[in-house]
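Subject: Structure handover

Hi,

Here is the structure I promised to pass on. My notes on it follow below.

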Amino acid sequence: MFLYNLTLQRATGISFAIHGNFSGTKQQEIVVSRGKILELLRPDPNTGKVHTLLTVEVFGVIRSLMAFRLTGGTKDYIVVGSDSGRIVILEYQPSKNMFEKIHQETFGKSGCRRIVPGQFLAVDPKGRAVMISAIEKQKLVYILNRDAAARLTISSPLEAHKANTLVYHVVGVDVGFENPMFACLEMDYEEADNDPTGEAAANTQQTLTFYELDLGLNHVVRKYSEPLEEHGNFLITVPGGSDGPSGVLICSENYITYKNFGDQPDIRCPIPRRRNDLDDPERGMIFVCSATHKTKSMFFFLAQTEQGDIFKITLETDEDMVTEIRLKYFDTVPVAAAMCVLKTGFLFVASEFGNIADLANEDTPQLYVACGRGPRSSLRVLRHGLEVSEMAVSELPGNPNAVWTVRRHIEDEFDAYIIVSFVNATLVLSIGETVEEVTDSGFLGTTPTLSCSLLGDDALVQVYPDGIRHIRADKRVNEWKTPGKKTIVKCAVNQRQVVIALTGGELVYFEMDPSGQLNEYTERKEMSADVVCMSLANVPPGEQRSRFLAVGLVDNTVRIISLDPSDCLQPLSMQALPAQPESLCIVEMGGTEKQDELGERGSIGFLYLNIGLQNGVLLRTVLDPVTGDLSDTRTRYLGSRPVKLFRVRMQGQEAVLAMSSRSWLSYSYQSRFHLTPLSYETLEFASGFASEQCPEGIVAISTNTLRILALEKLGAVFNQVAFPLQYTPRKFVIHPESNNLIIIETDHNAYTEATKAQRKQQMAEEMVEAAGEDERELAAEMAAAFLNENLPESIFGAPKAGNGQWASVIRVMNPIQGNTLDLVQLEQNEAAFSVAVCRFSNTGDDWYVLVGVAKDLILNPRSVAGGFVYTYKLVNNGEKLEFLHKTPVEEVPAAIAPFQGRVLIGVGKLLRVYDLGKKKLLRKCENKHIANYISGIQTIGHRVIVSDVQESFIWVRYKRNENQLIIFADDTYPRWVTTASLLDYDTVAGADKFGNICVVRLPPNTNDEVDEDPTGNKALWDRGLLNGASQKAEVIMNYHVGETVLSLQKTTLIPGGSESLVYTTLSGGIGILVPFTSHEDHDFFQHVEMHLRSEHPPLCGRDHLSFRSYYFPVKNVIDGDLCEQFNSMEPNKQKNVSEELDRTPPEVSKKLEDIRTRYAF
């Protein structure tokens, strides 16, 4: 079995965010890292909406990220610390839209190691040096400078190592143009290590150490060190030189302290706490992240506490001495991993932080995924499609058949008119604050319209069945009437050309002359059959005309006709089609932005002819810009109706909207073509739309309504609907009859609703009691106000109850409407860990829900007071849980699975079979030989596959006659299994907590008819654990995803597609592993992967092969994410690679696109 890995949705959890002028313009951008992905975002300065410019997989773990700019420079570079043992400096190239690796300096082994630098990065605020540090011992400083050609140079590393020292945080101190200085939070553990009594360990103090880079002597000295009273967790640089007092702020538990050299006394300020907080009062408060904002005249910091409160911190100074720290409450947002303050006045906050079925009976499956944590968690329904924002919907006086938008002048930014055509009339609406009908536009209103457009600089043209109407800017009208009894059937227009087809297949061509007059070309062209559709491309910038006309005929062909004066109306090429064409659209796509000699920005892309057929298929072919030849055709089936095509603009480039029974958008995004359906009802006709509120919208008609739509999340494969939950969802099951979900939600360090109310009541009473005689009334009012105040926990966070405190609910939910049908609150400190829905053979057709609950579980050091299995009966057609009984067990029941009319429950490390009784579940059978702790159970036939928390899979056979569970096989590798999915009777796919996926198979000669002990020499309970089972499983595939995988499922993602293995990850990524169907495909992709590894190595310097083999050597999996980077390589490299494969670059891209669309999107 050979598999191909594809990412459908990249990880969404952000680990670092930095801001700067990466493209070298005035506008600030943000670079974020999402685990192994680097992404460049551009916030819109007016609306604050964030657009993604570039996303790159780096195939390595990004551990630190910093922006820096050389003194006097205008462009920011990106420094990346990763697990590659190298420091990498990247520059964003806006012309190619890519990150270019400028420097890559190796200093150590790869992997995330204790003493290899990469965990911490600090830059000198003046951009002269950068320090990269390990968690322990090693620190390196690199000096950055320019050479004569103004290119960035990097020095060899200067060492600042100190053995036996742990590092907590490193920052560059702003000292103006003095020698660069770095401040470190360190702890020396040498004494603690050598002292056997443990006294030294208890007294170890953290120190703040300053390292100075002496530019004259070219080495680093440990300048100064002082012990700290509290334990600090991070440092903030204070602007220095001419901008401020310099120094650092140390954020520690409950305090923030300002320190600097010289006579400056330490200034301390306590971190404010919420009044009447339900949190554990013993618990300290720390800041978790911060952002600095600095202008020429002032600076301030924003720092966020672990409850999500953001404070604005300012320093009061007297001459050069800081006299006090001021903290002012700013706002509360969910706890962030990183914050950036932008010059435009926006604050960018990167907050910290399933299963698949077609429950809604739509044609494609939806993914039901449980996301988030605590009060911000949700159940999300993901559907394949682009999210559509509806800007406006208005009813029209009848059913229109077409709509267009036009501008008044070529320089206008926004559209002026919307023209709506009916069967016998045309309605003209003007776009302003509101949309109103106008009558003086010059358009003929008593006839349907075939097309209209802006002509030249400021004239309009309307094509209707009896002629062409040319409306000048001063409202003069020129008309051209059709000859005799003929009418115009089809037309194509752009800014300078009009082509019409008369009945009988006669083409008439008009072109605009320099005076703005429309002139008919002397000859007309007779086509061999009736014309069904036509298309003209837009006039390329700086040219007089578009050279090609595409014409679709009744005889199932498309012809390209030249409009060049030298061979006007001569046929150039033709293509036969499998069905009759419905519409055509020539667009220029996939180009990168270039500036021509005059500084005009335009994009140089390829011309594509899109052909929509009547049988619902879309074809995209490349149109040669010189000869007009058609080549490299790609096909996709879109739906059951004929496909209509419309040209629209998306992110400054041309895109095609294709309408069948669903609407699809074909667009180029980050050097890859995307064809994605819109998650919206069926539309009939559309046109691009630009107004102040909606610069890149679409105006469309559906039955008798006019709709204005916007598409913002380009590049996303799924659109999502989220339904909020109360605690972190742990597992859910589907009730097969009603399709309702039963979700268990559990949070550690949390209160249940009942305990919360009780605590509030108690605190209110204490407030009243603590007050003196005269303040009683005021205290009573405050207590009442406190009891009535209800802050939404999704914003303000849930109170932290302390270690060993658990809260849980069981929820029955309708996944289509998203409404909760039933909610069962468990007691405080009861934590639900497992859930199953099953039938018992002795109770007929009733469905039962079993929930495994732990009592008083303390995670570290681990202790548990036992557990329960709650049994509920599902009543009211699966909408209500009726409590039956609870069964006490001695350990945590972490896995439950239905099995042959009974249930299997993993209680700690015991595997048991239970049956339903009147007062409790009755134990029927057990196996005590599983190593540590059962984390999952899968069943198929008489076999039970048990996943152990660290010993991979164990195969167990249930013998009905002897009523025994017998282990007959296990795996040879330790794996910390998080989830598993059965592929067939002998094969299981599993994922572990380190981010690997494996497929394990029993060899064909495996015998599951094993007896425990045929000789009877060993008693049943004596069997050893260490030697494991007698038969071992084989590993079919190993692959390192790089994110913890939490669910795996075998499913089909597109109607009529093949099966694939879908996985979802902790960071919010969704990917699939698809099997190769032929050896030649596998061979081809293996070679693509091999060439890309050498020609296009990962950005951060990690070796791709060793990244995918982080824990186990990669086996039988080809990385599609790497192969798809073929499309973003430079053209000459693409050519070299495809020549090695005996193909052309378009053929390679086509193979990459085909394998993706065969299984997924």
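Helices (H or I, at least four residues) and strands (E, at least two) are DSSP runs, numbered from the N terminus. This is a predicted model, in which local features need pLDDT of at least 70, side-chain atom pairs count only at pLDDT 80 or more, and totals for chains, interfaces and linings use all residues. Residues are numbered from 1 along each chain as its sequence is written, and side-chain values use heavy atoms, with hydrogens and water left out.

Lys139

Start with strand 12 (residues 139-146), where Lys139 is found. Is Lys139 buried or exposed? Lys139 is buried, at a relative accessible area of 0%. Buried means under 20% relative accessible area, exposed over 50%, and partly exposed in between (1.4 Å probe, protein chains only).

The side chain of Lys139 makes a polar contact of 3.0 Å with that of Glu186. Another polar contact, of 3.3 Å, joins the side chains of Lys139 and Tyr211. A polar contact is a pair of N or O atoms within 3.5 Å; within protein, one must be able to donate a hydrogen and the other to accept it, and residues adjacent in sequence count only if both atoms are side-chain atoms. Leaving aside neighbours within four places in sequence, Lys139 is in contact (heavy atoms within 4.5 Å) with residues including Met131, Leu158, His161, Val167 and Cys184.

Backbone points

Most residues other than glycine have a negative phi, and most peptide bonds are trans.
- Asn164 has a positive phi, near 55°. Asn164 sits in the loop between strand 14 (158-159) and strand 15 (165-173), and is partly exposed at 23% relative accessible area.
- Asn218 has a positive phi of about 60°. Its loop runs between strand 17 (206-214) and strand 18 (219-227). Asn218 is partly exposed, with a relative accessible area of 39%.
- The peptide bond from Asn860 to Pro861 is cis, with omega near -10°. Pro861 is in the loop between strand 67 and strand 68 (867-875).

Two sheets

Strands of a sheet pair through backbone hydrogen bonds, either parallel or antiparallel. Two strands count as paired if DSSP finds at least two bridges between them.

Six bridges join strand 47 (residues 548-553) to strand 48 (residues 557-562). Leu549 stands opposite Ile561 in strand 48.

Another open sheet of four strands has the order 66-67-68-69, also with antiparallel pairing. Its edges are strand 66 (830-838) and strand 69 (880-889), each with a single partner strand, so one side of each is left without a neighbour in the sheet. Eight bridges join strand 66 to strand 67 (residues 848-855). Ser834 stands opposite Gly852 in strand 67.

Helix 4

Helix 4 (residues 776-788) has 13 residues, which should span 18 Å at 1.5 Å a residue; the end C-alpha atoms are 18 Å apart, which agrees. The expected span is 1.5 Å times one less than the number of residues.

Which residues of helix 4 are buried? They are Ala779, Ala783 and Phe786. These cover an arc of only 60° around the axis, which puts them on the same side of helix 4. The arc is that of the directions from the helix axis to the C-beta atoms. Helix 3 (753-770) is part of what covers them. On the other side, Glu777, Leu778, Glu781 and Asn788 are exposed.

Best wishes
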